[in-house]
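Visitor: I am new to this structure and would be grateful for a close look at one part of it. Please take me through that part step by step.

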Amino acid sequence: MRSVTINASKTYDILIGDGLLSQAGEKIAAVCKGESALIVTDDAVNALYGSAVEQSLQKAGYKTDRFVFQNGEQSKNLETYTSILSALAKTNISRSDVLVALGGGVTGDMAGFAAATYLRGIRFVQIPTTLLAMVDSSVGGKTAVDLPSGKNQVGVFYQPDIVLCDYSTLKTLPEEFFTDGCAEVIKHGVILSAELFDLLKKPILPQMEDIIARNVTIKSDIVMQDERETGIRQILNFGHTIGHGIEKHSNYRISHGKAVAIGMVVASRGAWRMGLCSEDCHTEIVDMVKQYRLPDKTDITPEQLISAAFFDKKRSGKNISLIIPEKIGKCVIKSFSMDELAAFIKMGMSK
Ligand SMILES: NC(=O)c1ccc[n+]([C@@H]2O[C@H](COP(=O)([O-])OP(=O)(O)OC[C@H]3O[C@@H](n4cnc5c(N)ncnc54)[C@H](O)[C@@H]3O)[C@@H](O)[C@H]2O)c1
Ligand SMILES: [Zn+2]
């Protein structure tokens, strides 16, 4: 088992191990002294892991209840959020009791928002069961739900009390979701760790504990420097401005991970063509994306992406910050005017 300590507005551990689910109760009891625990999970994850976690919590002395919602991004809305609040009230959860989010990023984001806002904040534990949730969404304290007008439009920063990554749960994760998580893993390598990037050239399943620990460390180092994303945390958005545009224009038929993969390819090609990185750096990114069976191109036009970028929430005033790779393992934040961005996207998408 590996452990990474986060020193953000709260200090807590992320534990990474095989079979941690069955120890969830004791690990949670060591940091949360409450009497009751509400497990929030989706129907697919509940069927696989709900009972194991509930039994472990009961063995550690918690009174338990479960709130189960239908799996998928379409559930990440105010209606489900309100139902979680009602379940917390029905279970008589007090401030010292705990909400346990068991599942992927949808569960963690939405349950985290409920934990942050119910009684102005209750104890909160994340048990991520997707690769994306283990390496990305459960690290950093961003919580949110979607509005009809856009993804993640309501939320707060709220750190958990402990995160338990049991990577044995990845054995049941459908391949498409595993692949989505790989895009964020590749991103972490490109922006901050040539060493991680090299490890990804070999099969990752046998190195899962190390890979997750490295990703968690990379993301948490950044979060500890800039918890509320006013500066350096923006580098985690490499591939995301273009990726978000692709997701939006495909009506979310292209998943986040696949869109980010294309975004990384376009951004690195744009950077190479503008003389900001070498051709090798771009080629390495393309090869890695293909190795993980992620797409490297889209039918969406540069003009469509340019207009989507204009509405990106990372835009400030007339300029937008883009993350540019200088070489594998090193990126910089560069401010672009909208005209420069248009030229960059056109260069990044031309053959
Ligand atoms: N908070 C953040 O910093 C942050 C960062 C990145 C993404 N996100 C959010 O994360 C969400 C996407 O997360 P996700 O890809 O984990 O989606 P998800 O939670 O919908 O999980 C994907 C699917 O996998 C199923 N599943 C989960 N674990 C499983 C397992 N072990 N075995 C079998 N099936 C399993 C789920 O039921 C679901 O159908 C988005 O809403 C995104 O906005 C948040
Ligand atoms: Zn992402």
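Visitor: What distance separates the centres of domain 1 and domain 2, taken over C-alpha atoms?

Guide: In this predicted model, the centres of domain 1 and domain 2 are separated by 27 Å, taken over C-alpha atoms. Domain 1 covers residues 2-173 of the chain, and domain 2 covers residues 178-349. To the contact between them, domain 1 contributes 22 residues and domain 2 contributes 20 residues. On the side of domain 1 that touches domain 2, the elements giving two or more residues are strand E1 (2-7), strand E2 (11-17) and helix H5 (131-137). Of these, H5 gives the most, with 5 residues. Sorted by class, this side of domain 1 holds 15 nonpolar, 5 polar and 2 charged residues.

Buried residues in H13 are Leu 341, Phe 344, Ile 345, Gly 348 and Met 349. Viewed down the axis of H13, the buried residues fall within an arc of 120°, so they line one face of the helix. Several elements pack against these buried residues: helix H9 (240-249), helix H10 (256-273) and helix H12 (302-310), together with strand E11 (319-327) and strand E12 (330-337).

Note on methods
Residues are numbered from 1 along each chain as its sequence is written. Chains are lettered from A and ligands numbered from 1 in the order in which they are written. This is a predicted model: local features need pLDDT of at least 70, side-chain atom pairs count only at pLDDT 80 or more; totals for chains, interfaces and linings use all residues. A residue is buried if 20 or more other C-beta atoms lie within 10 Å of its own, exposed if 12 or fewer, and partly exposed in between; C-beta atoms are placed from the backbone. Helices (H or I, at least four residues) and strands (E, at least two) are DSSP runs, numbered from the N terminus. The arc is that of the directions from the helix axis to the C-beta atoms. Two residues are in contact if their C-beta atoms, placed from the backbone, lie within 7 Å. Domain bounds come from an automatic or database domain assignment. Ala, Val, Leu, Ile, Met, Phe, Trp, Tyr, Cys and Pro count as nonpolar, Asp, Glu, Lys and Arg as charged, and the others, Gly among them, as polar.
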